[in-house]
Amino acid sequence: MLCNERVGLAVRIRLWAHFFSNISYSRDLGLVTSAFRRRRRFRVPEETWLVTQSIGGYLSLKEAGLLYWAAAEWPVAGPVLELGSYEGRSTVVLARAGRRVYAVDAWSLDVDDLSAYSGGVAAADEAFHRFQDNLRRAQVEAQVDICRGLTQEVGQRWDISGAILFIDAGHSYADVKADLEIWTPHLLAEGLLLMHDVLGGVYLDVTQAASELLGEGWRVVASAGSVVAFARE
Ligand SMILES: C[S@@+](CC[C@H](N)C(=O)[O-])C[C@H]1O[C@@H](n2cnc3c(N)ncnc32)[C@H](O)[C@@H]1O
């Protein structure tokens, strides 16, 4: 084992130890166990990952694999509704897998969850311009519709059904619950719900909101990295 592989393993063990010491066992263990039982390695085509990895953002190779598989293989026709696009990492993966993507993001400091922006207003606008450039560079511009606004506001007047709903916008419990409540009715009955940052121990509010889905008619279909995919029972 190489030295930096050992460091990588040590960091992963620390993150998972942190995760397991912070989850609520009575509430989250069902979700975590289902997600681990359905963990799989999904492939992203090399040329897609080459374009994606140069984009700023928060999606790992494993997670990109699950998104790519979902968009390429989930047997329901219809677009992806993406909440939280930032500079376009997930958007590019989903679009390159062949789906139309509706990318909903405020790209603004009006959002409660500012973790994506450390540099102020300019950074939010800059992220938006980089998002547009990244779509052009990845040659998926024609496949993506940009919806700039707060997810909760855009969702109230939304009228397009999606085959896939990917949630990665606000990470507070209130934001995730509101996105689920407003946007899951726009997902087709057999559609697939993907949520980022459910596992891994950094966003325990997201873990909690995702756990509650299991009592609300959803089951886990697959997981990779921090992403969990759900379908209706
Ligand atoms: C974690 S980043 C998304 C990362 C992206 N999916 C990727 O693959 O790199 C979260 C994004 O959600 C947006 N956001 C957070 N809360 C939001 C809200 N309530 N409405 C709209 N956008 C929001 C932020 O502007 C930010 O760009």
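A nonpolar core is a set of buried Ala, Val, Leu, Ile, Met, Phe, Trp, Tyr and Cys residues that are joined through C-beta atoms within 7 Å, and a residue is buried if 20 or more other C-beta atoms lie within 10 Å of its own. The model discussed here is a predicted one. Its largest nonpolar core holds 64 residues, of which Leu67, Ile164, Leu194 and Val228 touch the most other members. Helix H4 (residues 61-73) supplies the largest share of this core, namely six residues. Ile164, when residues up to four places away in sequence are not counted, touches Ala70, Ala71, Trp74, Val80, Arg99, Gly191, Leu192 and Leu194.

Among the helices, the axes of H2 (residues 25-37) and H9 (residues 204-213) come within 9 Å and cross at roughly 75°, which means that H2 is roughly perpendicular to H9. On the side of H2 the contact is made by Arg27, Asp28, Gly30 and Leu31, and on the side of H9 by Thr207, Gln208, Ala210 and Ser211.

Around the ligand there are 21 residues, and Gly57, Gly84, Arg89, Ser90 and Gly170 come nearest. Two helices, H5 (89-96) and H7 (151-156), are the elements that give two or more residues to this shell.

| Group | Nonpolar | Polar | Charged |
|---|---|---|---|
| Contact of H2 with H9 | two residues | four residues | two residues |

Conventions
Residues numbered from 1 in each chain as written. Predicted model: local features only at pLDDT ≥ 70, side-chain atom pairs only at ≥ 80, totals over all residues. Buried ≥ 20, exposed ≤ 12 C-beta atoms within 10 Å, placed from the backbone. Helix = DSSP H or I, 4+ residues; strand = E, 2+ residues; numbered from the N terminus. Contact = placed C-beta atoms within 7 Å. Axes fitted to C-alpha atoms, helices over the stretch in contact; angles between N-to-C directions. Parallel < 35°, antiparallel > 145°, perpendicular 65-115°, else oblique. Nonpolar A, V, L, I, M, F, W, Y, C, P; charged D, E, K, R; others polar. Near = placed C-beta within 6 Å.
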